[in-house]
Amino acid sequence: MRHYSHPAPGEFTLERLLHALSDPVRLGIVKQLYRAGEASCSELQGDRPKSSVSHHFRVLREAGLVRTRCVGTTHMNALRLEDIDQRFPGLLDAILRHSP
């Protein structure tokens, strides 16, 4: 079973978070997770190659936006809303509310 590392909220940086959200694919993944609460990588993959999706999830995890946990062979992803709000109150809500 694969173990993913996730930064602590105190390690989040605004630059890394905004960089992760600057890509339309990653922003779309974040929006989907915001609506769904939790979803597998395959549910969020769409028609993109697996290697591309893996890269996007790595960027999102390293920024602190997403927590990935393994359930058997499935990777489940969820937004770290409370952690992000703890570090940058209201930021993610404002971004998601005002993005097309």
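Guide: Here is the setting, then the core, then a few residues one by one.

Keep in mind that this is a predicted model. Begin with the whole. The protein has six helices and three strands. Read from the N terminus, the order is α-α-β-α-α-β-β-α-α. The radius of gyration is 13 Å, close to the 13 Å that the globule rule gives for 100 residues, so the protein is as compact as a globular protein of that length. The C-alpha trace spans about 35 × 30 × 20 Å along its principal axes.

Of the 100 residues, 41% are buried. The protein exposes about 6000 Å². Carbon and sulfur atoms supply 52% of that area. Charges come next. There are 14 positive and 11 negative ones, and their mean positions are 4 Å apart.

Contacts tell how the chain comes together. Take those with a separation of 6 or more: residues 24 or more positions apart account for 69% of them.

Now the core itself. In soluble globular proteins, nonpolar side chains tend to be buried together. Here the largest nonpolar core holds 23 residues. Seven of them touch the most other members: Leu-21, Val-30, Leu-33, Leu-60, Leu-65, Val-66 and Leu-92. The largest share comes from α4, with five residues.

Pick out Val-30 and follow its contacts. Leave aside residues up to four places away in sequence. Val-30 then touches Leu-21, Leu-60, Leu-79, Leu-92 and Leu-96.

Next, move to Val-25, which is found in helix α2. Is Val-25 buried, exposed or partly exposed? Its relative accessibility is 24%, so Val-25 counts as partly exposed; the cut-off for buried is under 20%. Beyond its neighbours within four places in sequence, Val-25 is in contact with Arg-48 and His-56. His-56 is 31 residues from Val-25 along the chain, yet their C-alpha atoms are separated by 7.7 Å.

Helix α4 also holds Glu-62. At 38% relative accessibility, Glu-62 counts as partly exposed. Setting aside neighbours within four places in sequence, Glu-62 is in contact with Pro-7 and Arg-16. Compare Glu-62 with Gln-32. They are 30 residues apart in sequence, and 19 Å apart in space, C-alpha to C-alpha.

Finish with the strands. Ser-40 lies in strand β1, which covers residues 38-40. Its relative accessibility is 5%, so Ser-40 counts as buried. What does Ser-40 touch, not counting residues up to four places away in sequence? The list is Thr-74, His-75, Met-76 and Asn-77.

Val-71 has its place in strand β2, residues 66-71. At 40% relative accessibility, Val-71 counts as partly exposed, whereas Ser-40 counts as buried. Along the sequence, Val-71 and Ser-40 are 31 residues apart. In space, the separation is 9.6 Å, C-alpha to C-alpha.

Look back once more at the core.

Conventions:
Residues numbered from 1 in each chain as written. Predicted model: local features only at pLDDT ≥ 70, side-chain atom pairs only at ≥ 80, totals over all residues. Heavy atoms only, no water. Helix = DSSP H or I, 4+ residues; strand = E, 2+ residues; numbered from the N terminus. Rg over C-alpha atoms; globule rule 2.2 N^0.38 Å. Buried < 20%, exposed > 50% of the residue type's maximum accessible area, 1.4 Å probe, protein only. Contact = heavy atoms within 4.5 Å. Areas by Shrake-Rupley, 256 points an atom, 1.4 Å probe, with all protein chains shown as cover. Lys, Arg positive; Asp, Glu negative; His and termini not counted. Charge placed at Lys NZ, Arg CZ, Asp CG, Glu CD. Core = buried A, V, L, I, M, F, W, Y, C linked by side-chain atoms within 4.5 Å.
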